[in-house]
Amino acid sequence: MRFLQTRAAVAITVTGGLIAAGGVIAAVGGPAQAAAAGCSVSYSVSSQWPGGFGANVTITNLGSPVTSWSLTWAFGAGQTITQLWNGSYTQSGAQVTVVNASYNGAVATGGTAGFGFNASWNNSSNPAPAAFSLNGVACTGGVTTSGSPSPSPSASRSASPSPSSSPSASPSSSPTQSAGQGPCDIYAAGGTPCVAAHSTTRALYASYNGSLYQVRRSSDNTTMNVGVVAAGGVANAAAQDSFCSNTTCLITIVYDQSGHGNNLTQAPAGGAAGGPDNLANATAAPTTLNGQKAYGVFVAPGTGYRDNSTSNIATGDQPEGMYAIFDGTHYNGGCCFDYGNAETSSTDTGNGHMEAIYFGTIKVWGYGSGNGPWVMADMENGLYSGVNAGFNSNDPTVSDRYLTAIVKGTANLWSIRAGNAQSGGLSTFYSGARPNVSGYNPMHKEGAIILGTGGDNSKGSDGTFYEGVMTSGYPSDATENAVQAEITAAGYGR
């Protein structure tokens, strides 16, 4: 069976109070508030296989701010949604209505909201919807001043988009963990929402009920999306085990749960090494979360994932945060086991063009106390453990079996934090000015996302990745502390 992968994109605009989609004109009932004329929609088919496909939708609000939204469209060839995340949906015949989840209803002027879904198709034709309507107003990509306010989404993916929000360097809110919250719910409550959320082990939003990752089996090259056992829950490892029985499976895609479409796929060749990179064996990093089986991403030298065309990831000197859960006993001294922000060209474009979490024992550019491994920040042409190039005594050796590693940065301020992902809190290893080396203040971040390699595709590292996110804005310590409490409750290794 041949796996097909296609992409489609459509941008349509809101100008009136009626929906025009697939030749059907109908009034939209029950919008939370009218759109202040102006929205656009990016619709992309991320993958397609016989009988099914996955798609991502990003709304850009060009009009007045809204506190909730409802997006409608009509499919033109009998497509039927089977699963949706970062929202809820109803479908009657061709007509689809998607409403926001509890955490992504508020969209500022110029802001975005997104969701993804899986659907069935007829194996013959899978056209993109002809038109969209937001809160009862047709999305046309323009802005009008007449009528009552109504949001309008638009966010076509670009190599270096700007984050959808611009929170202050230290958000004043201090969220605490509540029952039914995932890490990205906590970040959103703190004013620094996730713009990328990757995990092969579990959902990172309490309401997420979509695919976590995709595997491909070697026996017939068929692919399968692995979802969760329940909304907000652990990966359905049993489905993978059944699909991969008596053969080998590789992880081909790690899906972005944030709705921004920042999926991680096989990394291409780069300035330091050829490609494409190897894909991870899907069963090489088994784990449990409160007794439920799951699999991580086992990175051996030569393995790498990347997205060079992202949406809403920080660029330039814009603020961002990120965390990852690693296996603290799986590492080496190769370059470079990273997760985070990198160059869009897969080449070294200079100091300050990256901001990623590094974990390992390489000492070529920087190191901390003890023999390692260390959590450091890869800012390109430097692994930094503090303000100085080379040694910084404040950055200790860490070797927890499950390790929470954090790097965050804003204008001339950045931090390293870490902790045991099974119990306890976070420690701050560094928080202060950018490195005292030319090129890092201001930063020149480009907004690609990497996993398992360096920015130029250096791929000599070992490591295991379970989950990680990237945020818009510089998260407060209080927000990260609440996220850490949620992580320890997730039950890694128990």
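Before anything else, a quick definition: when I say two strands pair, I mean that DSSP finds at least two bridges between them.

Hi everyone! What you see above is a predicted model. Let me start with the whole protein. Of its 494 residues, 59% count as buried. The secondary structure comes to three helices and 34 strands. If you take the contacts with a separation of 6 or more, 75% of them join residues 24 or more positions apart. As for the accessible surface, that is about 15,700 Å², with 51% belonging to carbon and sulfur atoms.

Now let's zoom in on one strand, β30, which covers residues 402–410. Are its residues buried or exposed? Nine of the nine are buried, meaning under 20% relative accessible area, so β30 is largely enclosed by the rest of the structure. And that holds for both faces: Tyr402, Thr404, Ile406, Lys408 and Thr410 point one way, Leu403, Ala405, Val407 and Gly409 point the other way, and all are buried.

So which strands does β30 pair with? One is β23, residues 320–327, in the antiparallel sense over eight bridges. There, Met322 stands opposite Val407 of β30. Another is β31, residues 413–420, again antiparallel and over eight bridges.

Key
Residues are numbered from 1 along each chain as its sequence is written. This is a predicted model: local features need pLDDT of at least 70, side-chain atom pairs count only at pLDDT 80 or more; totals for chains, interfaces and linings use all residues. Side-chain values use heavy atoms; hydrogens and water are left out. Buried means under 20% relative accessible area, exposed over 50%, partly exposed in between (1.4 Å probe, protein chains only). Helices (H or I, at least four residues) and strands (E, at least two) are DSSP runs, numbered from the N terminus. Contact means heavy atoms within 4.5 Å. Accessible areas come from the Shrake-Rupley method with a 1.4 Å probe; for residues, only the protein chains shown count as cover.
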